[in-house]
Amino acid sequence: MTVRKLTLSAAATTTVLLLCGSILGATSATAAGPAPTAPTAPATTVTTHAEAPGAPGVPGATGAPGVADVPTTLAPPTTGTTSEATVVRPAQGSAPATAAAPALALSSYDPKAGTAVLAPTGAESAKGAAEEAAPPSESAAVAVQPGQLIDSPPTPAAPHGALVAVTGVQPAADGTVAVTTRPATLPELLGATSADLHSAISPAAFEVKPWISGLQVTTDLGPTSGSGSVSGGLGISADATVPLPGGSSARLSGSVELHPAVDFSYRGGLGLIDPQQARIGFTLGAHADWHVSAALTGSTGPVRIALASYSASPVVMVGVLPVVINLAFTLYADISADGTVTLDAEQAYDGTWGVHSDYVKGPGWTTTTDPGTSTVSPLRLDLRGSATAKAGLLAEASVALYDTVGVKASIEPYLRVAVNGSVLLDAAHPEPEVNGTIALYGGLDINGALMARLVVLGTPILEQDLPFLAFHREWPITSWSAGQSPVPLVNWTTLSAGLIDDNQSAYLRTRPDWDPSALKASCPDGTRLLGLAHGSDNGLCSDVTRANLWGANRGYVVDHGGTYVTTDWAPGYTKAQCPAGSFVSGYSRNGRTLGVLCAESATPLGTASRTLWFDKGDNRPAVAGGGDFAYGFGKGQCADDEFVAGVAYSQPWWQLWAARPYALLCQKLA
């Protein structure tokens, strides 16, 4: 199991996510991890305590002297009809917030304007609470005072819950209370309380919206409890035909079953600015029996077909105080091809993934991706044509505390197939019938952006998204070759240098570091760089039109600042450019500087060139090979008969510590 970590300063706040997917295709080998097992609901682990002044400040420590237990549970799913809100006095020192008013109904709430209206519930329980919280002569209106907190679970007036501080009170004659508010933070609510919970989420907590006809939602509730003991699963079954570009169509059928769980922990300090430690995360077990058939051409892709949207707002009860976590994701079928191929694939898939973000006061946030295990079992594979095709189940998701989104991301396990000829594999043909060359690759992409707006944790605020690549891996599964020698296949390779070096050049891996101290990526030997993404560190390599372009002497140079620039092809931007007779085969980033790896060409290159801008969105050929190599970001890609000769870069105003490419210098091969 591989674990990747992304560490950010406290200024770059985030939460977490994780979602599901499925490799569409077939293989005779395990993609990763041990033999598949049926997903099971995660066990619930609950540890909660309040820290007395002077207690050791070790994140996650429990059982320290002077620590009092505070129960923490995952509240059972509700119908959403309750509208009771808790009005409390802010935390003081090590003590969490305490009740300050009777139970009230949050009858209206406008988070943008910061206004709300509270009304007595009229329930006997509310009456009892009022008698304890205030003298009999004191009304609910009088009990609500500036400086108090309103902590509300999801209600019709606040579907995502609400955590705000009262700044003004205006009682009305009808007994309601109009209040003005500001956003509050978890330290103000929980104080030095410590909570730790890992719990499965009941399928009953999710609202599922189908997006295509022929799709049914299947929910196996199983026994559940507020402490998080959950069995059963949340699933969909599909049998639908959907249109594709160019007049073709794809048939999607099968089922996907999910077993989600949530992680939440918090350890407050004695101050009310930010916590000592916090974690929010999501894990998912998934099983899929999936079938896709389609006639794909170079104009097909990437096509994302929305299958269903899921949303849930589980509430973690820290004592009597609710903490609301909002989960939302959409499941897509993802299909693309860069040639002509007919695809009929069926397989069983099992996998588990996890992502969580940890905050520690001082160092800030660390986002950890656990790619877990993935296994596929081939059921049927019928491929014919000449293309590289990719198919997967992609999930786009967001995770939030109350209504402050922390992370948005996409997760996609996928199968990539390079075929030139045909292959037939099914129960009646245990040995594949092959004519030509077939190669199968498995892959897992986790892409997203930290949304640095998690003010509910009290950390500094940034108003722009900070892209990151949490995980990328592609591995060969198997290949077949038989019959006459086929036409050589075109290779497309996605590069990613967001977290670690991605040197795919076998030759350069034997040489000294070609750009020390920088994050870097290099194309596989025999290919050249054709595309880059703005806002991420992803690139695209290929040997389309011209293979094995690198000279036999393997000569190369690195440029960062325009040593070889002869004309200003991108005014106002710093340019890294290759000398005449060389092409870009890699790139690097060292803070505010980008570099290009220039490989000497084995044959003369053309001189006709053009500037290709992609900072405002995708700028790619109409029929672009290689698929969506940086989903969610603007991408620039030169034509198949061109190569990248230079990169123009600068720093976005919101990300002055990281240079980003804005334009490519595309030059003709001949």
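Is tyrosine 573 buried or partly exposed? With a relative accessible area of 24%, tyrosine 573 is partly exposed, where buried means under 20% relative accessible area, exposed over 50% and partly exposed in between (1.4 Å probe, protein chains only). This is a predicted model, in which local features need pLDDT of at least 70 and side-chain atom pairs count only at pLDDT 80 or more, while totals for chains, interfaces and linings use all residues. Residues are numbered from 1 along each chain as its sequence is written, and side-chain values use heavy atoms, with hydrogens and water left out.

**View A. Tyrosine 573 meets tyrosine 662 as a tilted ring pair.** Their ring centres are 5.0 Å apart with the planes at 40°; rings of Phe, Tyr and Trp (its six-membered ring) pair if their centres lie within 6.5 Å, and planes under 30 degrees apart count as stacked, over 60 as edge-to-face and the rest as tilted. Tyrosine 573 comes from the loop between strand 31 and strand 32 (574-577), and tyrosine 662 from strand 38 (residues 660-668), so the pair ties together parts that are 89 residues apart in sequence. Strands here are DSSP runs (E, at least two residues), numbered from the N terminus. Tyrosine 662 counts as buried, at 10% relative accessibility.

**View C. Two charged ends sit over tyrosine rings.** Lysine 390 lies over the face of tyrosine 414, 4.3 Å from the ring centre. For arginine 416, the charged end sits over the ring of tyrosine 441, at 4.3 Å from its centre. The criterion is NZ of Lys or CZ of Arg within 6 Å of the ring centre and within 35 degrees of the ring normal.

**View D. The largest nonpolar core has 88 residues.** Such a core is a set of buried Ala, Val, Leu, Ile, Met, Phe, Trp, Tyr and Cys residues joined through side-chain atoms within 4.5 Å. Leu186, Leu189, Leu307, Tyr310 and Val323 have the most contacts inside it. Strand 20 (residues 321-337) gives this core its largest share, 10 residues. Ring pairs also link Tyr310 with Phe206 and Phe329 into a cluster.

Technical notes: Helix = DSSP H or I, 4+ residues; strand = E, 2+ residues; numbered from the N terminus.
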